[in-house]
Amino acid sequence: MLTIEKLRDFGADVDTGLGRCMNNEGFYLKLVEKSLGDKTYDRLKEAIGNNDLDEAFEAAHGLKGVLGNLSLTPIYDPIYEITELLRVRTEMDYSDKLGVIISKRDELAELCK
């Protein structure tokens, strides 16, 4: 079960995230858990696999907004980095960066069990 303390240990900026949710812990935790099922992760993975930088940017940018609002720093930081690279259509192998994002998302998902 996800708790505020687990999120703190994960490295999330819980105080900022809670503030955006009017300090309603239950609401905040529900949003964090819901964010893990966001299909945009799959869109990002598929777009990168297809070398579709425009679609990858759109997906990364959407995730950046969600993760930023929830202050999920360990996932937000690599999403921010990949978003900025995609914004200027940097041609490169994104698989390592995508791997970090998915790994951190999966780590957070484990905390919800």
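## Helix assignment and Thr 40

Helices are DSSP runs of H or I with at least four residues, numbered from the N terminus. In this predicted model, Thr 40 belongs to helix α4, which covers residues 40–49.

Thr 40 has a relative accessibility of 13% and therefore counts as buried, the cut-off being under 20%. When neighbours within four places in sequence are set aside, Thr 40 is in contact with Ala 59 and Leu 63.

## The largest nonpolar core

The largest nonpolar core comprises 34 residues. Within this core, the residues with the most contacts are Leu 7, Tyr 28, Leu 44, Leu 72, Leu 86 and Leu 108. At least two core residues are supplied by each of α1 (4–10), α2 (14–20), α3 (25–36), α4, α5, α6 (73–87) and α7 (95–111). Helix α5 provides the largest share, eight residues. In soluble globular proteins, nonpolar side chains tend to be buried together.

Leu 86 illustrates the contacts of one of these residues. Apart from neighbours within four places in sequence, Leu 86 is in contact with Leu 44, Leu 53, Ala 56, Phe 57, Ala 60 and Tyr 94.

## Gly 68 in helix α5

Helix α5 spans residues 53–70 and includes Gly 68. Excluding neighbours within four places in sequence, Gly 68 is in contact with Arg 20 and Tyr 76.

Gly 68 and Thr 16 are 52 residues apart along the chain, and a distance of 9.8 Å separates their C-alpha atoms.

Conventions
Residues are numbered from 1 along each chain as its sequence is written. This is a predicted model: local features need pLDDT of at least 70, side-chain atom pairs count only at pLDDT 80 or more; totals for chains, interfaces and linings use all residues. Side-chain values use heavy atoms; hydrogens and water are left out. Contact means heavy atoms within 4.5 Å. Buried means under 20% relative accessible area, exposed over 50%, partly exposed in between (1.4 Å probe, protein chains only). A nonpolar core is a set of buried Ala, Val, Leu, Ile, Met, Phe, Trp, Tyr and Cys residues joined through side-chain atoms within 4.5 Å.
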